[in-house]
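Hi everyone, thanks for coming.

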Amino acid sequence: MDAKALLDSMAVFSLRPLSHEPVPQPVGSRIINKAAAIRLGKAFFWDIQSSGDGETACASCHFAAGADDRKNNTIHPGFDNTFDSIAGPGKDFTLAKITSDDRVGSQGPFRAAFLGLDMDNLDNPADQCVVVPDAPFNEFRLVGPRHTPTVVGSGFYRNQFWGGEANVLFNGVNIWGDSGNNGQGFLVRIEGASLASQATGPVTNFSEQGCSGRQILGPDSLGTKLIPRQPLRHQRVSVNDSVLGAMANPDGPGLLCNGAPCTYDRMIRDAFGDALANLGENAFSLFWGEALQAYQATLIPDQTPFDRFLGGNLSALTPKQLKGLSVFVGKGECINCHTGAMLTDATVSWYEIAGPLNRDGGDTGFHNIGVRPTEDDLARGDLGVFGGVPNSVSLSPFDMGAFKTPTLRNVGLNPPYFHNGGYPTLEDVVDFYERGGDFANPEKSLDIVPRTFTASERSALVDFLRNALTDCRVKTYRAPFDHPELTFPNRETLPVTGRAGLGVCN
């Protein structure tokens with residue numbers, strides 16, 4: 001198939017440039033100044049002060065093309081709580097195929113219990129916590145039980161997390177929306193706001209950011225801690241930052257308001273107005289969730305060779321990548337799940353096109369593909385480590401062990417792959433699909449069947465995935481993917497970048 005014929009066929013698969021895809025907008029938002037909310041959200045996302053240990057920001061697990069490239073102490077033992085991998089606690093892990101129930105996760109804080117806040121010293125980024133080591137990580141930092149997905153492009157998803165636990169309705173308090181798992185009531189009801197729901201989860205999770213027992217709102221909470229503090233007090237921000245540049249301190253860390261040290265209280269008032277801001281710590285989860293959604297929704301990777309091709313530039317893809325695209329939509333049938341402008345059926349727009357059920361009868365956007373035995377992690381069909389009632393809307397058996405279809409945009413920048421991080425390369429991923437998955441789960445999607453690719457087709461498909469779907473701005477940290485400085489306890493510091501990033505994009 002030549003380039004023109006291949007391009008003409010794309011409409012059948014709902015493929016179009018991502019710039020033509022409407023960004024879902026929350027309904028019922030309490031934001032009064034969107035630009036101010038984006039500034040607040042970017043500060044929240046990158047600020048290490050948000051964690052219990054004063055060292056772990058949201059960005060600590062989402063800094064590398066929106067994901068995590070750390071290799072030290074990043075293995076979770078799975079639900080059998082036994083490390084089968086050679087890289088247990090405290091050890092480096094070289095990306096390799098994982099054949100046990102171990103997972104590649106992201107390192108968080110030490111296991112600790114919350115005692116209180118140090119409000120007498122606002123320069124102290126840490127909470128008052130006591131470390132309580134316990135198996136299986138003992139004296140080492142905790143690691144999450146699923147591989148960290150990228151946040152780049154996440155504003156298009158209908159639900160967040162691998163199992164879709166973060167609800168499309170934001171209740172202003174937690175991740176659960178109006179589901180049966182919400183036992184904390186409602187501050188608000190904001191539709192189309194799963195990113196806001198998601199934001200309230202990690203910051204209170206003892207294995208991700210918070211010391212066990214710290215709350216996000218109310219007295220002695222994250223809100224109490226952050227509201228009077230200077231945003232990014234311990235991190236430098238470029239005066240050329242695409243969002244925060246006008247607030248950057250050219251002489252050191254922290255954000256400024258009119259030349260003087262700013263506070264989160266000031267930024268919240270700018271974004272939400274005085275009436276809501278006066279509620280302070282009692283509405284902080286609302287400010288946190290909505291601001292983080294506003295910022296993350298700007299991370300749109302819509303400048304890829306594939307976008308240029310879809311826009312009519314027939315020479316944007318190489319002949320090899322065109323062949324790979326032909327395999328992608330043809331005999332590979334990758335397009336069955338990796339569809340639409342975001343190359344995933346888990347988006348708001350695909351839900352509106354396809355409805356709530358997928359071809360198997362399970363929830364749209366979620367599939368059991370046989371990466372691991374179903375009982376390893378019930379995902380969409382249950383809450384696994386979270387406890388509670390199922391997330392599944394369909395209650396179909398196909399939702400048991402079903403995970404959200406991740407976007408393939410920038411997939412070449414985000415190894416390892418799948419929810420367990422068990423596949424180190426795109427070649428491994430293609431091999432997995434060629435053999436029809438690794439486990440013959442009764443709940444496995446009917447789309448996952450053995451296929452046969454020639455060596456040439458396999459190579460072309462990998463080239464298409466690795467290169468045609470990469471937005472150079474993501475790779476080089478150019479705006480809107482530029483960022484403040486970020487320090488780590490187990491990795492070299494990520495240097496500050498401004499809107500120009502660290503490289504040139506053609």
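Let's begin with Tyr477, which is found in the segment after helix H13 (472–476); helices here are DSSP runs of H or I with at least four residues, numbered from the N terminus. A quick word on what we are viewing: this is a predicted model, where local features need pLDDT of at least 70, side-chain atom pairs count only at pLDDT 80 or more, and totals for chains, interfaces and linings use all residues. Residues are numbered from 1 along each chain as its sequence is written, and side-chain values use heavy atoms, with hydrogens and water left out.

So, is Tyr477 buried or exposed? Tyr477 has a relative accessible area of 14%, so it counts as buried. Buried means under 20% relative accessible area, exposed means over 50%, and partly exposed is in between, using a 1.4 Å probe and protein chains only. Leaving aside neighbours within four places in sequence, Tyr477 is in contact with several residues, including Phe63, Ala64, His483, Leu494 and Leu502; contact means heavy atoms within 4.5 Å. Ala277 is 200 residues apart from Tyr477 along the chain, and their C-alpha atoms are separated by 32 Å.

Now to Leu486. Again setting aside neighbours within four places in sequence, Leu486 is in contact with Trp46, Ile48, Phe63 and Leu494, among others. Leu486 also brings us to the largest nonpolar core, which has 53 residues. A nonpolar core is a set of buried Ala, Val, Leu, Ile, Met, Phe, Trp, Tyr and Cys residues joined through side-chain atoms within 4.5 Å. Those with the most contacts inside this core are Leu40, Phe44, Trp46, Phe284, Trp288 and Leu486. Which elements give two or more residues to it? They are helix H2 (34–46), helix H4 (222–226), helix H5 (264–272) and helix H7 (284–296). H2 gives the most, with eight residues. Apart from this core lies another, of 37 residues, among them Ala316, Cys334, Ile448 and Leu461.

Let's stay with H2 for a moment. The axes of H2 and H5 come within 7 Å and cross at roughly 145°. Axes are lines fitted to C-alpha atoms, for helices over the stretch in contact, and angles run from 0 to 180 degrees between N-to-C directions. Residues of H2 that meet H5 include Leu40 and Phe44, and those on the H5 side include Met267 and Phe272. By class, this contact has 10 nonpolar, no polar and two charged residues. Ala, Val, Leu, Ile, Met, Phe, Trp, Tyr, Cys and Pro count as nonpolar, Asp, Glu, Lys and Arg as charged, and the others, Gly among them, as polar.

My last stop is another helix pair. Helix H11 (residues 426–434) packs with helix H12 (residues 455–468) at an angle of about 125°, their axes 10 Å apart. In H11, Leu426, Glu427, Val430 and Asp431 meet Arg458, Leu461, Val462, Leu465 and Arg466 in H12. Here the classes come out as five nonpolar, no polar and four charged residues.

The buried residues in H11 are Leu426, Val429, Val430, Phe432 and Glu434, and what covers them includes H12. Leu426 has 3% relative accessibility. Not counting residues up to four places away in sequence, Leu426 touches Val411, Gly412, Tyr417, Val462, Leu465 and Arg466. Finally, H11 is followed by Gly436, whose phi is positive, near 75°.
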